[in-house]
Amino acid sequence: MGTTADKIAGKIGSQLRSKIIDLSGLRAVKDIFEGAQLDSEGLKKLISKGHDPCHAVYIFAQRFASVLGEQFSVMKETRQFVKIVGEAEDEYQPRGPPLSPLTTSFYHVVAFRCPIRPKP
């Protein structure tokens, strides 16, 4: 069976070894990275806006982790993880009153926030 990480690594490895390139997928990834400002100029833009270089790297890394988490959350290999995190969010952070003192940022520390749930 292997761990979830092994399954994800295997899937990524098989895609890298494939001789077929999905151009529509490549364009979609490019658009996602540009939208999240994860292009080659993203870090330079943050620094030029006045962010401390260390903070700029932190912002860039958070953006990357967020995009990665969103992309992984729709993979069948992460369904169990998404289910566990989703249930924890529902239990500890209800969507209506009374509101929990926990914020969504809490889940960035514990696990990636998974806004897109895969269909069962």
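Glutamine 37 takes a positive phi of about 55 degrees. The residue lies just after helix α2. Helices here are DSSP runs of H or I with at least four residues, numbered from the N terminus. Helix α2 covers residues 23–35 and has 13 residues. From its first C-alpha to its last, α2 reaches 18 Å, close to the 18 Å expected at 1.5 Å a residue. The expected span is 1.5 Å times one less than the number of residues.

The model is predicted: local features need pLDDT of at least 70, side-chain atom pairs count only at pLDDT 80 or more, and totals for chains, interfaces and linings use all residues. Residues are numbered from 1 along each chain as its sequence is written, and side-chain values use heavy atoms, with hydrogens and water left out.

A search of the whole structure finds 5 salt bridges. A salt bridge is a side-chain nitrogen of Lys or Arg within 4 Å of a carboxyl oxygen of Asp or Glu. Side chains of opposite charge can pair when their charged atoms come close. One of the bridges joins lysine 83 and glutamate 87, at 3.0 Å from N to O. These two residues are 4 residues apart in helix α5 (residues 79–92), so about one helical turn separates them. Lysine 83 is exposed, at 53% relative accessibility. Glutamate 87 is partly exposed, at 44%. Exposed means over 50% relative accessible area, buried under 20%, and partly exposed in between (1.4 Å probe, protein chains only).

Aspartate 39 and lysine 45 form another salt bridge, at 4.0 Å from N to O. Aspartate 39 is partly exposed, with a relative accessible area of 29%. Lysine 45 is also partly exposed, at 39%. Glutamate 41 meets lysine 44 in a salt bridge of 3.9 Å, N to O. Here glutamate 41 is partly exposed at 36%, whereas lysine 44 is exposed at 54%.

The largest pocket holds about 850 Å³ of space. A pocket is an open set of points on a 1 Å grid over the protein atoms alone, where a 1.4 Å probe fits, with protein on both sides within 12 Å along at least five of seven lines; lining residues have an atom within 4 Å of a point. The volume is the space filled by probe spheres set on the points. The pocket is lined by 20 residues, of which Ile12, Gln15, Gly25, Val29 and Gln71 lie nearest its centre. Helices α1 (4–17), α2 and α4 (53–73) each supply at least two lining residues. By class, the lining has 14 nonpolar, 4 polar and 2 charged residues.

Terms used. Nonpolar A, V, L, I, M, F, W, Y, C, P; charged D, E, K, R; others polar.
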